Amino acid sequence: MFEERLLENIDICNEILSGCRSELYLNMRFLDVALSSLRPEPSMELGRVATDGRVFRYNLEYLMEQYRQGNVWVNRCYLHSMFHCLFGHIWNPRGAQDRQLWNLACDIAVESVIDSLPCRCLRGPSKPYRRAVYQGLEKKLAVLNGEGIFYLLQDAGLDARAVARMIREFAVDEHFLWEQGGQESPMPMEQQNQWKDIRDKMETELDTFSKESAEDSKGLREQIHVENRERYDYREFLKKFCVLKEEMQIDMDSFDYIFYHYGMELYGNMPLIEHLETREVQKIEDFVIVIDTSMSCKAVLVQKFLEETYSILSQSESFYRRFCVHIIQCDERVQTDTVIENGKQLQQYMEGFQVQGMGGTDFRPAFAYVSALLAKKAFHKLRGLIYFTDGYGTFPLKKPQYDTAFVFLRADYQDADVPPWAIKLILGETDLEVGS
């Protein structure tokens, strides 16, 4: 009797979820693939619902109770868990200390998108507390994505009562399957790549075929754009400013032990091949780092950028024996120019670093100053210039005679316009983790 009742309830829940997916699809056709990517799975261990990117697990009694209150709550519940997968929240876990804030940040991000969708099938009663939270976050974030909200919550230093109040308001599903980064799935990387493909296709559709829907779903489109951003490795980026040269050192990679051993056996003391005495290496020789020290560029971000740059450049294998790095601070005029010629000077500069300037922003003085240095032959061979900035300034009209890169540190990964001759790199705070 119990088994029959259980099977009957499972059939009812499957019909509820099928109707939910159909209703969401009719209102937002660009969600078609995403809506069908989670397989319903009943669970007696859950109190509510949960997902690992592969299945949508639900408590039968909870789901039926939500349906009794109205199909809106089921729609919101399913969409909430699906958006966690779509935005990659499952595969971006935090440690035990930060897990509660990360879960809360992801829930706020997802609920803000759902609340912004103009669909009657998702419309719940207006809640002043929610609006107040969204408005407070929007003053500091262009896009309410999980990562940006997480850092704001960390910096806010909220007490336990305030955090608990927000959790009661925004939590919908359970996140215990996230704790291992979705590892409960037999192929977590495959699941992650599957949802990335879904995001890519959805972004393309919203930008082309569903422009009208995209305007109505601005919050969703912005979050997808943020999650689809290219992830950068700043260490790899610095390699663009290395030069290829030969150094006097044995190249073990090109050495063939078979011919060496054969020659020693055949002739006694004459190998057929010996180690090469030089090898090609890519290292940093001469280049320039310009720091935008205008009022709009936060000192803490400048410090973080320099710390990561220092951690890379301080490695002995990064430099040739002779190098010259100019670190220039500039707002609307050049404030300081510090010449670094060895690792010890680089360390001393970082220990005593202070921001000079805090005026307006103009990129041209720094380029004019470097051109003057070139005319004075201050460099052996200038490989390039890296300009760290927030992007709001006047660019030179002409292309300089060396490679130039503008590095932007932005929590929301919003795009920035640079001249066609410049390299552009947009980083988030997590892309500049010292020692990573």
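Leaving aside neighbours within four places in sequence, Phe-395 is in contact (heavy atoms within 4.5 Å) with Phe-363, Arg-364, Phe-406, Asp-417, Val-418 and Pro-419. The model is a predicted one, in which local features need pLDDT of at least 70 and side-chain atom pairs count only at pLDDT 80 or more, while totals for chains, interfaces and linings use all residues. Residues are numbered from 1 along each chain as its sequence is written, and side-chain values use heavy atoms, with hydrogens and water left out.

Phe-395 sits in the loop between strand 8 (382-389) and strand 9 (403-409), where strands (E, at least two residues) and helices (H or I, at least four) are DSSP runs numbered from the N terminus. With a relative accessible area of 18%, Phe-395 is buried, a term that means under 20%, with exposed over 50% and partly exposed in between, for a 1.4 Å probe and protein chains only. Phe-367 lies 28 residues from Phe-395 in sequence, and their C-alpha atoms are 9.3 Å apart.

Beyond residues up to four places away in sequence, Leu-31 touches Leu-79, Met-82, Phe-83, Met-202 and Leu-220.

In the protein, 16 helices and 10 strands make up the secondary structure, and 47% of the 436 residues are buried.
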